[in-house]
Amino acid sequence: MTSVLVIGEATSAETAGALAAITKELLGAAVRLSADLGGEVACALIGADLETPAKVAIAAGANTVYVADHVSLAQYQIETYLPIAAEIARRAAPTVILLGQTSMGRDLAPRLATRLDSAAAMDALDLAVAGDRVRVTRACYGGNARQVVSVLTDPQVITVRAKSQEPLSQDPGRTGAVEAIEVEVAKARATVTEKVTAEAEGVRLEDADIVVSGGRGLGAPEAFGDLERLAAILGAAVGASRAACDLGWYPPSQQVGLTGTVVSPNLYIAVAISGASQHMAGCSGSKNILAINKDPGANIFRFARFGLVDDYKKVLPALEEAFKKVMAKS
Amino acid sequence: MDFIVCVKQVPDPEAPASAFKVDEAAMKLLPAPGIDPVINPFDAQAVEAALQLRDAAGQGAIRILSLGPESARDVVKQALAMGADEGYQLSDPAFDGGDGWTTALALTKAIEKIGVPDVILCGRQAADFDQGAVGSVVAELLDLPSVTVLRAVALEGEHIVASRVVADGFETVRLPAPCLLTISNEFGDPRYPQLRQIMQAARKQVTVWGPADLGLATDQVGAAGARVKMEALYQPKTETECEFIKADTAEAQADLLVRKLREAKIL
Ligand SMILES: Cc1cc2nc3c(=O)[nH]c(=O)nc-3n(C[C@H](O)[C@H](O)[C@H](O)COP(=O)(O)OP(=O)(O)OC[C@H]3O[C@@H](n4cnc5c(N)ncnc54)[C@H](O)[C@@H]3O)c2cc1C
Ligand SMILES: Nc1ncnc2c1ncn2[C@@H]1O[C@H](COP(=O)(O)O)[C@@H](O)[C@H]1O
């Protein structure tokens, strides 16, 4: 009996054909939830060239992997993926379905839940079992509050935020079954005609150990050049507030926050960012925040471990030199 | 080409964090004194998208649909002032305590009653519970193709061409009407209504429907029909003690900071 079905990802550009990190995290969560719910963990993989990802899914905790492998499924499209996901869900009959809060998951989950005559809880930060329900802790009101919800109908469809769950350690000794799903690819009314990758070069925001972000207080797009230099010294990724992105100073793919990327680096350096709740929703999971802001009353200092109250223009050149020295040593 | 735009009234998401208070026992947000609720910002952008698509099509009606308390009439009026033609409000105490599912179900019934238009527009998420689900649920109930989180939309003959924001860039999606689109902030600022339009909108009638008008039983709406139950609502404690780094010169300040970061094993 399957208690938890994970809808995995292995085809998105960011995973380059490997099993996505989020899917391993979901499988880790699924194993922990199923221990309390009773039952097994299944994983659905929809895409192309899934042989290796299916093996990895087993090593990451799946007892059964349902594989829908077809060239025409190489890219996520809701109309081709949804009927297959629903078919696998009917076959596995889980009480819980987990998806990542990703471009795919946020699009697929509400329609999948509705097709299965249930409902979805979006963007979980934490999962806990109470009886046969999963209690989902999630952020709301722009990150100002948390709510705990449970889905009363089955299957309980839940999307989960990246990096909020620990994966199991990958164990190639784990065994499991792979079941191929006969694919009848639905004819899509909506078709993807073009894909443009617009990610900045260098370290990916989500994966970076250090992130340097700039806000509206930078005053001009050129200042992002200074942040990029600083980032290069530290091996960091560069992010931006929505205000800076809306002004066209930096690409929207680098926006940090509620409607941008959620980051949780070891060090988040916020330069000329006020610390609005919607921005903090994307970076308050950072282990340490260093804020540089000329206003001592800025909200960002409520979250920061270290603060520099000054004009960033005065601070950055000296900081660049100091970082250079210390990085050369280490 | 006809449109329906779903708009929700939400507590002002730009209100300062210090004005934000919840009543944990009642699991409700306390209204911030002196700060009025607003149209969900993404929904204002969805209205803007409808206006632009209608301009491109040359003609068509834009209808505004909102489920909420009586005060939600303000956001319907705002959308009318921006240039929409008709307003519909789903308002009845029986709708209270609903969730995304009951909201989507009621909106769907209302859309069917009005007549399914060529394009239904929603915001990417409502800036209260930040779920981002209702649009997709409506599309599923109506069996329409949907594209979510859009930064741009255009008409190409009979087709809609939408630019979808994805994690690593953008996707162009081409689809026929009827369809449902959800709009993201990358779309750009919505227009401000002119005074003359505000006055015209003030005079427009807004049709108000309750569950019975939609053919819904009382156990299909509001708290009785909800599929997601709230168990708790609280404000997370975020306060960390900030250590301010001060020194006489920028260089000394930078050196001191780096030393602290080293000591804390952050660098
Ligand atoms: C529904 C919704 C979703 C949103 N989603 C996001 C999101 O995902 N991400 C996001 O970032 N925002 C988001 N926002 C916007 C958010 O509310 C803020 O408006 C935004 O984060 C502000 O950006 P900022 O801090 O760069 O600009 P501001 O708030 O204008 O702050 C600029 C800061 O720079 C400082 N400053 C100015 N000059 C200098 C100088 N020379 N040196 C040092 N400091 C200086 C100022 O003191 C100020 O604190 C969202 C808003 C809404 C309503
Ligand atoms: N009560 C409502 N009335 C009208 N439209 C709504 C309502 N709730 C949600 N919507 C629409 O659905 C979108 C997503 O909402 P949500 O799923 O609640 O985040 C919103 O941006 C609106 O366009």
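Student: How many salt bridges does the rule find across the interface of chain B and chain A?

Tutor: The rule finds 7 across that interface. Keep in mind that this is a predicted model.

Student: What makes A:R115 and B:E140 a salt bridge?

Tutor: The cut-off is 4 Å between a side-chain nitrogen of Lys or Arg and a carboxyl oxygen of Asp or Glu. Here the N to O distance is 2.6 Å. That is within 4 Å, so the pair counts.

Student: Which residues of chain B lose the most area to chain A?

Tutor: First, the total: about 7,000 Å² is buried between the two chains, with carbon and sulfur atoms giving 55%. On the side of chain B, B:E140, B:D168 and B:R227 lose the most, together 11% of what that side buries.

Student: How many residues make the contact?

Tutor: Chain B gives 74 residues and chain A gives 83.

Student: How do you know that strand 7 of chain A and strand 14 of chain B pair?

Tutor: Pairing needs at least two bridges. These strands have 6 bridges, in the antiparallel sense, so they pair. In one of the bridges, A:R146 has B:Y234 as its partner.

Student: Now within chain A. Why is the contact of A:R91 and A:E87 called a salt bridge?

Tutor: Their side chains meet at 3.8 Å, N to O. The limit is 4 Å, so the pair passes. Both residues lie in helix 3 of chain A, 4 residues apart, about one turn of the helix.

Student: Why is A:R91 called partly exposed?

Tutor: Its relative accessible area is 41%. Buried means under 20% and exposed means over 50%. The value falls in between, so A:R91 is partly exposed. A:E87, at 34%, is partly exposed by that rule.

Student: What makes A:D310 buried or exposed?

Tutor: A:D310 has 18% relative accessibility. That is under 20%, so A:D310 is buried. Its salt-bridge partner is A:K314, at 3.6 Å. A:K314 has 53%, which is over 50%, so A:K314 is exposed.

Student: Which residues do salt bridges that share partners join into one network?

Tutor: They are A:K163, A:R204, A:E206 and A:D207.

Student: How do you know that A:R204 and A:D207 form a salt bridge?

Tutor: Their closest N and O atoms are 3.1 Å apart. The cut-off is 4 Å, so the pair counts. A:R204 is partly exposed at 27%, and A:D207 is partly exposed at 46%.

Notes: Residues are numbered from 1 along each chain as its sequence is written. Chains are lettered from A and ligands numbered from 1 in the order in which they are written. This is a predicted model: local features need pLDDT of at least 70, side-chain atom pairs count only at pLDDT 80 or more; totals for chains, interfaces and linings use all residues. Side-chain values use heavy atoms; hydrogens and water are left out. Contact means heavy atoms within 4.5 Å. Buried area is the accessible area (1.4 Å probe) that two parts lose on being put together, summed over both. Helices (H or I, at least four residues) and strands (E, at least two) are DSSP runs, numbered from the N terminus. Buried means under 20% relative accessible area, exposed over 50%, partly exposed in between (1.4 Å probe, protein chains only).
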